[in-house]
Each structure stands twice: as C-alpha cells, then as structure tokens.
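User: Could you please walk me through this structure? I am new to reading models of this kind.

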Amino acid sequence: MTSLSLWFRGLATNAAEKMYVVLNGTAVVYNNDTTLTQKTAWTEWVIPLQQFTGVNLTNVTSIHHRFWHARNTTVAGGTGQMYFDDIRLYRPSTTP
C-alpha cells in the first residue's frame, strides 16, 4: 500500500488542535487526535494514499499540513509551535 509519511513534533504548551493534510488544495485527510500538537517527541503520521479522494495521485502539485481552526475563520486559532521533517512517500515493495 502506498502511503504518505509525515514526521512532526510540537510543544507541551501548544493549544490542542486537529491536524490535517491537503493535496492539490482539495483532497483532505484529518487526524482527529487533538493531542498531536502537544507531543514533544518526534511522531510519525502514516496516511494511506487511498484516504485522499478527489485528486489524481499521479499529478500532485501541492501538499499542505494545517490545523483544524485554520479552515474556520469564525473561530480563533490556537497558539503554539510545530516542527515538521521527513515527509516521504512509501511505495509497496516490488519484491515477492
């Protein structure tokens, strides 16, 4: 199964927020764990590409990672700082 891997860490003092990833501005996958923004150790989020619907995966031109309130301009967003590293695409092994 082909998957997108994203490593991140936050600060214990961060506001609790859902994180999500957007491909080509339209295909969205949410992580409902609001404690992710408060994890101080490097943490991997693996997303099977099948979860991204409505996008041609052979022509991805943009990828964004965002937080829940960024999509809702009527609610004030949380505060904090996040670090991201090692964004990778894992393809299935071709060996038997």
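User: How many bridges join strand S1 to S6, and how do the two run?
Analyst: Six bridges join strand S1 (residues 3-9) to S6, and the two run antiparallel. Strands here are DSSP runs (E, at least two residues), numbered from the N terminus, and two strands pair if DSSP finds at least two bridges between them. Within this pairing, Phe8 stands opposite Phe84 in S6.

User: Before we go on, where does the model come from?
Analyst: The model is predicted: local features need pLDDT of at least 70, side-chain atom pairs count only at pLDDT 80 or more, and totals for chains, interfaces and linings use all residues. Residues are numbered from 1 along each chain as its sequence is written, and side-chain values use heavy atoms, with hydrogens and water left out.

User: Which order do the strands of the open sheet have?
Analyst: The three strands are ordered S4-S1-S6, with antiparallel pairing. Strand S4 (43-48) and strand S6 (83-90) are the edge strands, as each pairs on one side only.

User: What holds strands together in general?
Analyst: Strands of a sheet pair through backbone hydrogen bonds, either parallel or antiparallel.

User: And how many helices and strands does the chain have?
Analyst: The chain has zero helices and six strands.

User: Moving inside, which residues have the most contacts in the largest nonpolar core?
Analyst: They are Leu4, Phe8, Val21, Trp45, Ile47 and Phe52, in a core of 15 residues. At least two residues of this core come from each of S1, strand S2 (19-23), strand S3 (27-31) and S4. A nonpolar core is a set of buried Ala, Val, Leu, Ile, Met, Phe, Trp, Tyr and Cys residues joined through side-chain atoms within 4.5 Å. Buried means under 20% relative accessible area, exposed over 50%, and partly exposed in between (1.4 Å probe, protein chains only).

User: What does Trp45 touch?
Analyst: Leaving aside neighbours within four places in sequence, Trp45 is in contact (heavy atoms within 4.5 Å) with residues including Leu4, Phe8, Val21 and Val29.

User: How much of the chain is buried?
Analyst: Of its 96 residues, 27% count as buried.

User: Last topic: how many salt bridges are there?
Analyst: There is one in the whole structure. Asp86 forms it with Arg88, and their closest N and O atoms are 4.0 Å apart. A salt bridge is a side-chain nitrogen of Lys or Arg within 4 Å of a carboxyl oxygen of Asp or Glu.

User: Is Asp86 buried, exposed or partly exposed?
Analyst: Asp86 counts as partly exposed because its relative accessibility is 33%. Arg88, at 40%, also counts as partly exposed.

Technical notes
Helix = DSSP H or I, 4+ residues; strand = E, 2+ residues; numbered from the N terminus.
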